[in-house]
Amino acid sequence: MTSSTQGPLCGPVSAPGKAFLIGEYAVLEGHEAVVTAVDVRAYAHAPRDQHGERPDPTSPFVAAAVELVTGWLRGHDHEVPKPDSLPVVTTVGFTTGARKLGLGSSAAVTTAVVGWYLRAAGLDLNAPQARQAAMNIAREAHTMAQEGRGSGADVATAVYGGTVRFALGGGVQPLSLPGWLTIGFFDAGAPASTGSLVKAVEAGARRDRASYELAITELASASRRFQSGLDEQSDPATAFGMIQEACAVHNEGLRALASLAKSPIMSERIETILGASQWAELAAKPSGAGGGDLVVVFARDSAQLDRVAVDLYHRFGIALVRKLETDANGLRAEPRPPVNSRIHGLFKRSVTQRREAVALATGLDPARFKDADATALDLETANHMVENVVGFLTLPMGIATNFCLNGRDYLVPMCVEEASVIAAASNAAKMIRAGGGFSGFSDPPWMIAQVQLVRVGHDSIEDVAEWVRADKAGLLELADDSHPRLLARGGGARGMEVRTLDTDTIVVHMLIDCRDAMGANLLNTVAEAIAPRLEQLSGWRSVLRILSNLADRRASHVSCRIPAAVLEANDIDGPLVAERIEEASRFAELDPYRATTHNKGIMNGVDAVVLATGNDWRAMEASAHAFAVKDGRYGPLATWRAIKGEAGRTIALQGDISIPTAVGTVGGATRTHPTARLALDILGQPMGGELGLVMAAAGLASNLAALRALATEGIQRGHMSLHARTVAMAAGARGAEVESIAQRLIDVGEIKPERAEALLGQLRAGDD
């Protein structure tokens with residue numbers, strides 16, 4: 001085998017998760033399954049002191065992997081890392097909140113640990129022999145940890161990546177997914193135990209072998225039909241028809257197994273997703289053993305998938321899982337470990353030390369943080385950004401820690417002038433992390449281009465509206481023609497609406513998928529492009545042609561569930577704090593005066609991230625507050641509920657937020673402002689939808705912090721502390737003097753400038 005040339009020994013190694021596309025259950029009887037690697041990854045890496053990371057030797061998958069890979073290394077005369085060099089394993093993206101999504105995390109963990117030891121011994125993970133060794137060792141270790149169960153398909157995918165054809169004893173054959181095929185995954189809403197379902201099916205097979213074999217025959221036939229669809233190159237329509245047929249046959253086979261096993265393999269929620277997909281002429285089936293977790297949906301293009309996603313969410317509350325990239329790379333060496341947002345004692349460090357800590361956590365060059373200096377935006381650049389430039393207004397940018405969203409850690413840049421916002425959000429995120437972190441999903445990035453039509457002539461408004469609707473296809477095509485580059489990126493026109501505002505006014509909405517752009521300029525271009533056609537169709541006159549900043553089709557939805565115990569404060573036990581937070585939430589739901597202040601606290605967090613990333617905070621504010629009145633009365637953007645246990649005692653606090661997030665990561669200040677570019681780099685260069693979720697999470701954390709303070713010590717105590725710091729600084733205190741003078745002002749109960757000046761004089765004179 002060849003020696004590694006990919007970096008230092010014991011460098012990070014990662015392996016992907018998996019999703020079954022077809023062949024579940026049949027694969028256990030020797031038939032072929034199709035499995036794809038998805039780009040959620042398990043990382044094996046050395047512990048990092050600043051994050052307090054520690055290995056977990058109690059994991060059966062880690063223990064089995066270590067035992068077998070070290071034995072293999074000794075048997076092949078390779079150096080074995082010392083026993084105390086056990087790696088940390090970090091899984092990124094396998095969960096939604098505290099719940100796993102059935103993406104093969106155990107196989108990915110096992111494979112990553114095996115790969116880490118092989119790399120530490122100097123082996124090149126890209127070498128065929130090393131990869132085969134990783135496959136053999138990880139497969140045996142995973143089987144050992146699972147007490148002999150499982151097909152091994154998840155390990156094969158973790159090692160080799162891509163999309164594979166897998167059969168027991170038949171090896172692994174790579175497959176190519178057609179470029180036109182779009183794959184999405186829907187959350188079926190409940191955790192599923194693969195082992196329990198397989199046991200139930202095995203018991204059913206013992207009761208009625210003939211029925212079991214008939215069901216397996218259907219599943220095997222479906223797998224072969226599906227593979228024929230993938231192999232069909234000449235006609236996408238024919239190929240997709242094969243995939244639709246394969247999924248239908250597979251689902252019938254699963255229903256037969258469910259009946260035989262007397263087990264809920266095909267849950268009501270799964271059947272709802274299948275029905276909606278069939279109605280939209282897509283193909284869908286459970287991914288995995290069924291019973292919950294995921295449903296995979298196949299479409300000819302992303303627009304079809306998005307339309308089904310919107311329908312399922314608004315009708316049934318069923319969400320498309322955040323984007324999962326299929327055909328991901330397999331086992332590989334990594335340049336650095338994943339981001340860990342828990343940095344101990346960051347607030348105690350100097351600015352230079354904080355920059356070093358964030359650079360270490362994110363892998364950025366420490367020199368990049370010069371882009372966050374007050375002088376990073378030069379006068380020439382500023383002069384081209386806005387008119388009549390005379391100078392700058394600088395605001396501090398800090399880093400909120402402890403954020404974990406959809407199983408991935410984020411260090412969150414926040415630009416805000418108000419003290420405590422960043423600290424409060426970080427503290428709240430730490431509490432939320434104890435319950436598994438934030439989980440969330442975003443709507444497709446659809447925005448609205450509006451064209452206002454006003455009456456000319458005497459035609460009835462009903463007739464005019466119908467004439468416009470009749471040319472929907474032509475108008476959609478015209479909208480796409482106005483932005484061919486957007487179409488090439490997968491965006492474009494998604495729908496049209498005609499609204500009558502009064503007897504003399506119609507407004508036409510063109511729904512545009514903006515991808516990762518905020519979209520203002522392209523939406524205005526679309527409105528200008530379709531306006532002349534609308535005038536011809538209607539005979540009326542177009543007036544305003546502009547985007548709408550009410551981004552109600554482009555919202556981010558984030559939830560969290562916090563164990564009640566971690567909410568304890570000031571000798572008030574956690575369950576009681578949770579109940580008080582619910583009472584405060586209900587106050588905002590009943591009273592718009594309270595809801596306004598409630599939402600202001602949310603926007604403390606949201607706007608701080610919007611500003612840091614160079615997005616339009618004015619559009620965000622306008623959209624959020626308009627969204628808050630969507631039900632006809634101004635209400636809260638986030639709500640909280642105490643969750644009761646079996647004995648009626650509160651065991652957790654559930655928080656939910658939905659907020660429009662028309663934000664982009666391309667164009668505008670996100671690219672021209674050096675600090676905004678740095679902020680996006682710290683976040684890991686997220687896509688637009690991902691950035692919106694981070695903003696919503698920041699808002700939910702800020703809301704929790706405020707409500708918890710109100711429910712315990714009251715908000716005034718915290719505010720007086722902040723006020724004392726401000727007064728101390730205004731009196732001339734610097735560095736450590738600020739905290740000292742602020743505390744003295746609080747102690748004497750007189751937070752006034754003249755008292756601060758006197759105390760500062762005493763401090764500097766050494767007179768205590």
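**Cysteines**

I started with Cys560, which counts as buried at 3% relative accessibility. For the record, buried is under 20% relative accessible area, exposed is over 50%, and partly exposed is in between, with a 1.4 Å probe and protein chains only. This is a predicted model, where local features need pLDDT of at least 70 and side-chain atom pairs count only at pLDDT 80 or more, while totals for chains, interfaces and linings use all residues. Residues are numbered from 1 along each chain as its sequence is written, and side-chain values use heavy atoms, with hydrogens and water left out.

Which cysteine sulfur is closest to that of Cys560? I found Cys404, but the sulfur atoms are 12 Å apart, too far for a bond. Cys404 is buried as well, at 12% relative accessibility. Searching the whole structure gave me 0 disulfides, a disulfide being a pair of cysteine sulfur atoms within 2.5 Å.

**Salt bridges**

Next I went for charged pairs, taking a salt bridge as a side-chain nitrogen of Lys or Arg within 4 Å of a carboxyl oxygen of Asp or Glu. How many does the whole structure hold? The search returned 34 salt bridges.

I looked at Lys600 with Glu418, where N to O is 3.1 Å. Lys600 sits in helix H18 (residues 592-612) and Glu418 in the loop between strand S13 (408-415) and helix H12 (421-433), so this pair ties together parts 182 residues apart in sequence. Helices (H or I, at least four residues) and strands (E, at least two) are DSSP runs, numbered from the N terminus. Both partners come out partly exposed: Lys600 has a relative accessible area of 41%, and Glu418 is at 26%.

I also checked Glu737 and Arg764, whose side chains form a salt bridge at 2.9 Å, N to O. Glu737 is in helix H24 (residues 736-748) and Arg764 in helix H25 (residues 753-765), so to my notes goes a link between distant parts of the chain, 27 residues apart. Arg764 is exposed, with a relative accessible area of 53%.

Arg618 and Asp616 make another bridge, with the closest N and O atoms 3.0 Å apart. Asp616 is partly exposed, at 28% relative accessible area. I noted a network too: salt bridges link Asp39, Arg41, Arg332 and Glu334.

**Nonpolar cores**

I counted as a nonpolar core a set of buried Ala, Val, Leu, Ile, Met, Phe, Trp, Tyr and Cys residues joined through side-chain atoms within 4.5 Å. The largest one has 76 residues, and Leu118, Phe226, Ile243 and Phe298 have the most contacts inside it. What does Ile243 contact, leaving aside neighbours within four places in sequence? My list reads Trp180, Leu181, Phe226, Gly229, Leu230, Ala283 and Phe298, with contact meaning heavy atoms within 4.5 Å. Apart from that core lies another, of 59 residues, including Met414, Ala429, Met603 and Val609.

**Leu175**

Leu175 is in strand S7 (residues 171-175). Its relative accessible area is 12%, so I wrote it down as buried. Not counting residues up to four places away in sequence, Leu175 touches Val34, Thr163, Val164, Arg165 and Leu230.

**Helix H16**

How far apart are the end C-alpha atoms of H16 (residues 520-538)? I got 26 Å, which agrees with the 27 Å that its 19 residues should span at 1.5 Å a residue. The expected span is 1.5 Å times one less than the number of residues.

There is a kink of about 35 degrees at Ala531, shortly before the proline Pro532. That bend is the angle between axes fitted to the seven residues ending there and the seven starting there. Among the buried residues of H16 I noted Leu522, Val526, Ile530 and Ala531. The buried residues of H16 pack against partners including strand S15 (446-454), helix H13 (461-470) and strand S18 (541-548). Just after H16, Gly539 takes a positive phi of about 80 degrees.

**Helix H3**

Last, I looked up H3 (residues 128-145), with 18 residues and a reach of 26 Å from first C-alpha to last, close to the 26 Å expected. Its buried residues include Arg131, Met135, Ile137 and His142. They pack against helix H1 (60-75), helix H2 (105-120) and helix H4 (153-160).
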